[in-house]
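Morning, everyone. Please have a look at the structure on the screen. I'll take you through a few spots in it.

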Amino acid sequence: MNLKINKKKFIYLISPNKITANFYRNLKEVLLTGKVGFFQMRLKKYSLKQKILIGKKIKLICKSNNVKFLVNDEPLLAKKLKADGCHLGQKDKSIIDARKIIGNKIIGITCHNSIKLAKTAIKNKASYLAFGAFFATKTKKARYKAST
């Protein structure tokens, strides 16, 4: 899949683990800068019903700012929300299975620090590859360290 991305929109944002009352307002402000190309909804501790409600709101904000909306880990949820695609970790569905669910949409793959995982993802026609962590983060515990 060829992604046509405005070169000025190079930032890929990932949601915080917890959605607070200020989140939607803050997201609108950040997306209004015009520098964000992708937003990934990554909510590990929410029910499916909560993810759907939150996802619908995020999708509207992303769409109104021409930002691609991706769902982490869950191709079925991405399909239900009519997201632009999904991001898969190594323990999630395969790209092949995800394609059967969401079709020709964006599918990104976590490759940690592995060239082997990257080659497999490329062979399976991933839309993009994600490496890291390169730096410490509060969003998740980094089990793999990629070098810069």
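What covers the buried residues of H4? The cover includes H3, strand E4 (85-88), strand E5 (106-112) and helix H5 (115-123). Keep in mind that this is a predicted model.

Now the buried residues themselves. H4 spans residues 95-102, and Ile95, Ala98, Ile101 and Ile102 are buried there. They sit on the same side of H4, because their arc around the axis is only 120 degrees. In general, residues three or four places apart point the same way, because an α-helix has 3.6 residues a turn. After H4 comes glycine 103, with a positive phi near 70 degrees.

Next, aromatics. How many aromatic pairs does the structure hold? Five. Take tyrosine 12 and phenylalanine 38: ring centres 5.6 Å apart, planes at 25 degrees, so the pair is stacked. Tyrosine 12 is in strand E1 and phenylalanine 38 in strand E2, so this pair ties together parts 26 residues apart in sequence. Tyrosine 12 is partly exposed, at 27% relative accessible area. Phenylalanine 38 is buried, at 10%.

Another pair is phenylalanine 23 with phenylalanine 39. That one is tilted, with 6.2 Å between centres and 50 degrees between planes. Phenylalanine 23 is in helix H1 and phenylalanine 39 in strand E2, so parts 16 residues apart are tied together. Both of these phenylalanines are buried. Ring pairs also link Tyr12, Phe38 and Tyr128 into a cluster.

Last stop, aspartate 73. It lies in the loop between strand E3 and helix H3. Its side chain makes a polar contact of 2.3 Å with that of lysine 44. Residues that aspartate 73 touches include His87, Leu88 and Asp92.

Terms used. Residues are numbered from 1 along each chain as its sequence is written. This is a predicted model: local features need pLDDT of at least 70, side-chain atom pairs count only at pLDDT 80 or more; totals for chains, interfaces and linings use all residues. Side-chain values use heavy atoms; hydrogens and water are left out. Helices (H or I, at least four residues) and strands (E, at least two) are DSSP runs, numbered from the N terminus. A polar contact is a pair of N or O atoms within 3.5 Å; within protein, one must be able to donate a hydrogen and the other to accept it, and residues adjacent in sequence count only if both atoms are side-chain atoms. Contact means heavy atoms within 4.5 Å. Buried means under 20% relative accessible area, exposed over 50%, partly exposed in between (1.4 Å probe, protein chains only). The arc is that of the directions from the helix axis to the C-beta atoms. Rings of Phe, Tyr and Trp (its six-membered ring) pair if their centres lie within 6.5 Å; planes under 30 degrees apart count as stacked, over 60 as edge-to-face and the rest as tilted.
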